[in-house]
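Trainee: I've just opened this one and could use a quick tour. Can we go through it piece by piece?

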Amino acid sequence: MAIITADRERFPNTPWQLVETRHEPGDAGTLETLFSLGNGHLGIRGAHWAAADSDLPGSFINGLHEIWDIKHAENAFGFARTGQRILYIPDANNFTLIIDGEAMTLAASEVLDYRRTVDFATGVYECRITWQCRSGAVVTTTERRALGFASRGSLGISLHVATDRDVSLDVTSSVINRQDQPVEDHSVHDPRRAGRHAGRVLLPLRLDGGDGSLRLAWEAAESKQRVGIAVDHWISAGYQPFETQVDQDDSNVRYVLVVSADVPFTLEKSVSYAAGPAIQDPAADAAAVAEAGLRSVREIFAESEAHYRDYWATSDIVVNGGNPELQQAIRWNLFQLAQATAQAGVAGIPAKGVTGSGYEGHYFWDQEVYLLPYMTYTNPEGARQVLEFRHRILPEAKIRAKELSVDGALFPWRTINGLEASAYYAAGTAQFHIAAAIAFAANRYLWATGDTAFRDGMGAELLIETARMWISLGFFGKDGLFHIHGVTGPDEYTAVVNDNLYTNVMARFNLRAAAALEHAGVTQEERQLWEAAAGRMQLPFDDRMQVHSQDNDFMTLEPWDWTTPRSKYPLLLHFHPLVIYRHQVLKQADTVLAMFLQWQDFTAEEKQRAFDFYDPITTGDSTLSACVQGIMAAEVGYSKEALEHFTNAVFIDLDDTHGNTIDGVHIASTGGVWSSLVCGFAGLRDQGPVPYFDPRLPGEWDGLTFHLKIRGRLLLVQLSKDSITLTVQDGEALEVDVRGQVLSVGSDPVQVVLEPVAEPEPTVFPSGLPTASIPVVRGNS
């Protein structure tokens with residue numbers, strides 16, 4: 001059921017904010033995700049400050065996790081051994097507000113006016129509520145929050161209270177250890193959701209407090225990772241705290257005073273978190289490290305505003321004309337991308353960013369295929385740091401490769417600390433294609449930045465070690481072709497197959513890219529072997545359908561029963577995997593994704609036939625699918641379908657179309673939204689001789705404008721119905737290819753007239769299985 005688009009009175013269409021004008025019970029958890037704040041390192045869910053009004057509140061630090069031994073009911077060699085789960089860090093976003101003896105909550109108090117916003121332009125959360133108190137007083141509370149960026153462990157909160165008469169105010173500001181609170185293990189019912197630990201996780205190292213200040217630190221029981229927190233309070237009235245209490249689960253500072261109509265009350269709460277290598281030394285005082293990072297609330301808000309001022313100057317994407325609601329949705333998605341990646345440092349990007357515990361806070365291939373395109377062209381230094389993280393876990397990947405009897409490096413399908421955490425190997429470890437995703441992202445970064453130091457060092461190692469994995473995983477068959485067997489492609493509804501097209505196409509790229517390196521560590525024999533395997537790679541093709549097959553056997557599978565009611569989707573929650581595996585049905589784009597990423601390797605006809613065949617049998621149960629299908633629809637020339645898929649992608653979380661936004665933003669999908677605009681409608685293709693554009697602007701739109709940071713330049717792209725205009729706003733001239741016309745683009749705008757793209761006739765495929773026409777042979781009775 002739609003949320004944002006279903007009630008535009010409650011959630012008005014504003015281009016630079018997400019606004020809620022009326023509180024209603026029932027969807028608090030999903031809205032906590034939509035109103036969350038993050039900077040890539042620290043994340044705060046958008047919960048209301050009162051415990052009675054929150055559903056799944058919490059705060060997270062990227063990479064801070066607990067581990068445990070995975071218990072397999074039936075064990076086998078090489079299964080994942082160490083589970084990893086992101087921690088709910090002690091949460092500072094909590095207040096109890098009592099006015100004239102009445103605890104103010106949305107659940108039980110009378111509300112006269114309500115407005116909550118998160119401002120994309122400043123990164124500031126604000127919730128303003130006017131209450132009718134039982135004492136007769138009318139009180140307005142305004143809470144504002146922001147995260148630091150230069151000081152990425154900082155959180156600033158202000159609580160302002162104004163009243164029309166004298167009132168007695170009793171306010172308690174708390175830091176709550178939510179990790180060890182009893183909460184239902186939702187993962188029993190939905191594998192996409194995070195589970196809970198059976199025992200206590202955070203063990204206190206330091207619990208100090210006094211005069212409104214708190215200095216606290218904990219250590220995870222098994223991972224031994226530490227987190228420190230320092231909290232200072234300031235109030236406008238100049239009162240001393242009534243009391244300050246410290247405890248491992250609830251530390252708080254309480255103020256009791258009278259507030260008059262002519263002197264409003266303001267409480268400012270400055271919070272600093274410390275986590276990571278700097279505090280892992282047993283002699284280190286995590287709370288003291290956090291204390292050193294304390295900033296005033298004013299400074300934190302200024303940091304946030306400055307960051308977003310710079311961010312939007314080069315990262316905004318403007319759509320002219322069309323549905324005006326799309327612009328707000330696009331900016332919300334771009335805002336989430338910034339919140340998930342801006343200050344992540346040398347770390348991965350969790351599948352939910354730092355907005356929730358979904359997918360246990362793990363890093364997947366999502367970051368390389370769906371997030372690094374955005375990061376490479378808007379924040380190249382951030383993209384480099386993600387690749388540095390992959391390089392940092394290269395030793396673990398080499399050990400994992402040996403466990404699975406292959407050479408080189410085998411990166412984990414899902415991880416936080418570098419070890420494989422996927423307990424279901426068929427849809428986890430078998431997805432060897434993550435190796436090619438990492439190589440592809442490294443190659444794109446090199447192509448887009450010209451970073452020679454990375455090329456000669458970490459980048460080369462990533463390409464070479466992944467190529468070594470592929471050459472040992474695959475083999476030359478009796479037919480003389482190179483085969484890769486026993487793998488799972490991106491489509492997790494078809495598992496452990498032979499010659500998955502996506503995997504083979506991406507492995508071919510990986511082998512070719514590694515072979516092209518001039519590197520002392522690569523022998524001539526090794527280079528020739530890689531080139532031979534790439535040149536002889538098996539790419540399944542169905543002669544009857546005249547379309548590339550997803551794998552060697554996909555075309556022989558029984559078609560899915562498409563009369564299955566919508567209540568039975570996603571299929572993974574209603575059918576045993578073996579039921580799904582034996583049918584011709586897709587969770588997400590697979591072959592289509594291969595043709596997008598390796599765009600030069602397929603003809604226009606091959607792409608169209610693949611889209612026509614696979615799009616109708618793709619459930620979209622994965623949030624990674626709509627954006628890719630939309631990009632390919634745009635390239636093929638299906639304008640209507642392209643816009644439909646894009647619209648589905650841009651509202652996945654805003655309308656909670658997959659029913660699990662409560663667990664955090666689908667960050668990879670937000671990256672897919674960026675790619676849909678830049679690669680779909682503007683038609684950017686990279687890693688060729690020069691940047692290539694083949695625009696496909698929807699007929700409903702008048703224009704599309706964005707920037708790309710590419711090869712040390714800042715390129716402005718302005719697309720209209722009948723032309724594309726390119727301008728290098730910073731840097732030297734850049735060669736660009738527009739539909740085969742190579743241009744030199746400098747500081748003067750270069751305009752190219754675009755001819756309309758005719759929509760092709762859809763492909764009509766033969767119906768029925770290849771054996772459907774064989775007559776029934778009846779025996780003698």
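Trainee: Is strand β31 buried or exposed for the most part?
Mentor: Six of its eight residues, in the run 723–730, are buried, so β31 is largely enclosed by the rest of the structure. Keep in mind that this is a predicted model.

Trainee: Which strand is joined to β31 by a hairpin?
Mentor: That's β30, and two residues make the link. Strand β30 covers residues 713–720. The two strands pair antiparallel, over six bridges.

Trainee: Which residue in β31 is the bridge partner of Gln 718?
Mentor: Thr 725.

Trainee: And how many bridges join β31 to β34?
Mentor: Four, again with the strands running antiparallel. Strand β34 spans residues 750–753. Within that pairing, Ile 724 has Val 752 of β34 as its bridge partner.

Trainee: New topic. What's the strand order in the open sheet of nine strands?
Mentor: Go β1-β9-β10-β11-β12-β19-β16-β15-β14, with antiparallel pairing. The edge strands are β1, at 17–20, and β14, at 202–210. Each of those pairs on one side only.

Trainee: By how many degrees are neighbouring strands turned against each other there?
Mentor: On average 10°, direction ignored.

Trainee: Which helix packs on that sheet?
Mentor: Helix α3, residues 297–315. It touches β10, β11, β12 and β19. The direction of α3 makes about 60° with that of β11.

Trainee: Back to β10. How many bridges join it to β9?
Mentor: Nine, and the strands run antiparallel. Strand β9 is residues 110–119, and β10 is residues 124–132.

Trainee: What's the nearest side chain of opposite charge to Asp 542?
Mentor: Arg 544, 5.8 Å away. Asp 542 is buried, yet has no salt bridge. The cut-off for a salt bridge is 4 Å, from a side-chain nitrogen of Lys or Arg to a carboxyl oxygen of Asp or Glu.

Trainee: Then which backbone nitrogen lies 2.6 Å from a polar atom of the Asp 542 side chain?
Mentor: The one of Met 545.

Trainee: What else is Asp 542 in contact with, leaving aside neighbours within four places in sequence?
Mentor: Val 547, Ser 549 and Met 555.

Notes: Residues are numbered from 1 along each chain as its sequence is written. This is a predicted model: local features need pLDDT of at least 70, side-chain atom pairs count only at pLDDT 80 or more; totals for chains, interfaces and linings use all residues. Side-chain values use heavy atoms; hydrogens and water are left out. Two strands pair if DSSP finds at least two bridges between them. Axes are lines fitted to C-alpha atoms, for helices over the stretch in contact, and angles run from 0 to 180 degrees between N-to-C directions. Contact means heavy atoms within 4.5 Å. Buried means under 20% relative accessible area, exposed over 50%, partly exposed in between (1.4 Å probe, protein chains only). Lys and Arg count as positive and Asp and Glu as negative; His and the chain ends are not counted. A polar contact is a pair of N or O atoms within 3.5 Å; within protein, one must be able to donate a hydrogen and the other to accept it, and residues adjacent in sequence count only if both atoms are side-chain atoms.
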